[in-house]
Amino acid sequence: AKPSIIGEPPGKYLSRLEFLQAAVTSQLDQLATTHPKTKVGLITFGSSVSIYQNDRIHTIEGDALNDYGGLLERADAYTVLEPISVTLDNLKSTINQLQEGGTTALGPALLIATAICSKNQASKCIVCTDGLANLGVGSLENSDGGGNFYREVGAFAKKKGVVISVISIKGSDTKLEKLGSLADITKGEVDLVDPVNLNFNSLLSSEIFATHVTLDLYISPTFTFRRELDYTRPSTYTKISRDIGNAVASSQTTFEFVNIPSSDSSVTPPTQFIIQLHITYTKRNGDRYKRVYSASKPVTHNWEQSVQHLDIQTISAHLAKTSAIMARQGDYEGALNNAVQVKALIERRIQSEEDKLFWNIFMGEFKDISEALKTAMSKEAEVGAVFEGEGEIQQARSALRSDYTAKKLYNYSSAQKKGCVVQ
């Protein structure tokens, strides 16, 4: 049977656009009730871009959609002044009057929306699309696939303290592999949903704790970071720095480090691991802060003892990050092998019911990703695909990646643990 929606006459079936309209207006109603002071702007895109401000509609079309600098200049003229408690009726009326278009000027609309959001610290931009960006800047039909544009806008948003989330609709090919980089860079979310189940209220209501977050991690000089290339090792410490950008409830950063064995047999192995973390960030009121955390952890050289003290949620989060990064770089085989090795280690440690529940949920997600990667490799074998060098593998597999797999990889890399502790 074709889908229908509660509240509509029996026998009336809704198009995908009508489902989206019903879902979005419902979400706005909820937001107006739960967060009435939130300011919500609306930009629509098709063969043109329309910016809705109070009772006026500003339309951008034609060659202007290809003018990156011109689009930013146009964004300077707009701002969201009124809270949703005032603008709700106008927003709903505008959404219900939308009509389907043939082309998708997503890039120009995204650039303008991000620039408008950047005027207010810790703003959010939610991109909802069911079509491939194919008009204006950021067209994914260009020779470079438009990837540089979305990474550039993501970097701009991160610098301005804007979080971008991307929602794509099932059944459409939107190249989430490219669009998802916006969320990955700015600490937003990537989702692929059925229009019947569209829900972005949680994206709007989730708190941005800080922006412009930077991290400096210092560890004992007898240790080094594994899988990292950009660390430094003066004589008294080993240091790595990260430009985190935005921090939300699910934000986390993990590192893996190993002891550097000494060639001198007379050197006593370390008994303590010293760590110091410097976090600098900007609060929503614009104030800049710095916090320093220090800890000293005992070092064991007993393998069984170390396994018994593993924090499963921390190790799982790091496994997700490293495996997802490998897969997104085109190393499907390495991602799968990495997960298998760590899986065997963690399953030796599971003891409590809480650990079992967490691990079962976590591995359920990995099973989906594993099957998606194996399916992709099987298709490559069927067509006799041959890759020359790591660069070609990464580029080819990125271009072939489905929206479903892209969503899974982006979200898997940010799989979160409960709480935040120095392990």
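**View 1. The hairpin of β11 and β12, with Gly286 in the turn.** In this hairpin, five residues sit between the strands, and Gly286 takes a positive phi near 95°. Keep in mind that this is a predicted model. Strand β11 covers residues 272-282, while strand β12 covers residues 288-298. The two strands run antiparallel and are joined by eleven bridges.

**View 2. β11 and its pairing with β7.** Strand β11 also pairs with strand β7 (residues 208-219), again in the antiparallel sense, this time over seven bridges. Here Leu215 has Ile279 of β11 as its bridge partner.

**View 3. An open sheet of three strands.** The strand order is β1-β2-β3, and the pairing is antiparallel. β1 (42-45) and β3 (56-60) are the edge strands; each has a single partner strand, so one side of each goes without a neighbour in the sheet. On average, neighbouring strands here are turned by 20° against each other, direction ignored. Strand β2 (residues 49-53) meets β3 over five bridges, and Ser50 stands opposite Thr59 in β3.

**View 4. The largest nonpolar core, seen around Ile112.** This core has 38 residues. Among those with the most contacts inside it are Ile43, Val49, Leu110 and Ile112, along with Cys125, Tyr150 and Ile164. Helix α4 (residues 106-117) gives the largest share, nine residues. Zoom in on Ile112 and you'll find it touching Ile43, Val49, Ile51, Ile60, Leu71 and Ala75, leaving aside residues up to four places away in sequence.

View 5. α9 spans residues 312-328, which makes 17 residues. From first C-alpha to last it reaches 24 Å, close to the 24 Å expected at 1.5 Å a residue. At the N-terminal end, Asp311 does the capping: one of its side-chain oxygens lies 3.2 Å from the backbone nitrogen of Gln313. After the helix comes Gly330, with a positive phi near 95°. Why is α9 largely enclosed by the rest of the structure? Because 15 of its 17 residues are buried, where buried means under 20% relative accessible area.

Definitions and conventions. Residues are numbered from 1 along each chain as its sequence is written. This is a predicted model: local features need pLDDT of at least 70, side-chain atom pairs count only at pLDDT 80 or more; totals for chains, interfaces and linings use all residues. Side-chain values use heavy atoms; hydrogens and water are left out. Helices (H or I, at least four residues) and strands (E, at least two) are DSSP runs, numbered from the N terminus. The expected span of a helix is 1.5 Å times one less than its number of residues. Buried means under 20% relative accessible area, exposed over 50%, partly exposed in between (1.4 Å probe, protein chains only). A polar contact is a pair of N or O atoms within 3.5 Å; within protein, one must be able to donate a hydrogen and the other to accept it, and residues adjacent in sequence count only if both atoms are side-chain atoms. Two strands pair if DSSP finds at least two bridges between them. Axes are lines fitted to C-alpha atoms, for helices over the stretch in contact, and angles run from 0 to 180 degrees between N-to-C directions. A nonpolar core is a set of buried Ala, Val, Leu, Ile, Met, Phe, Trp, Tyr and Cys residues joined through side-chain atoms within 4.5 Å. Contact means heavy atoms within 4.5 Å.
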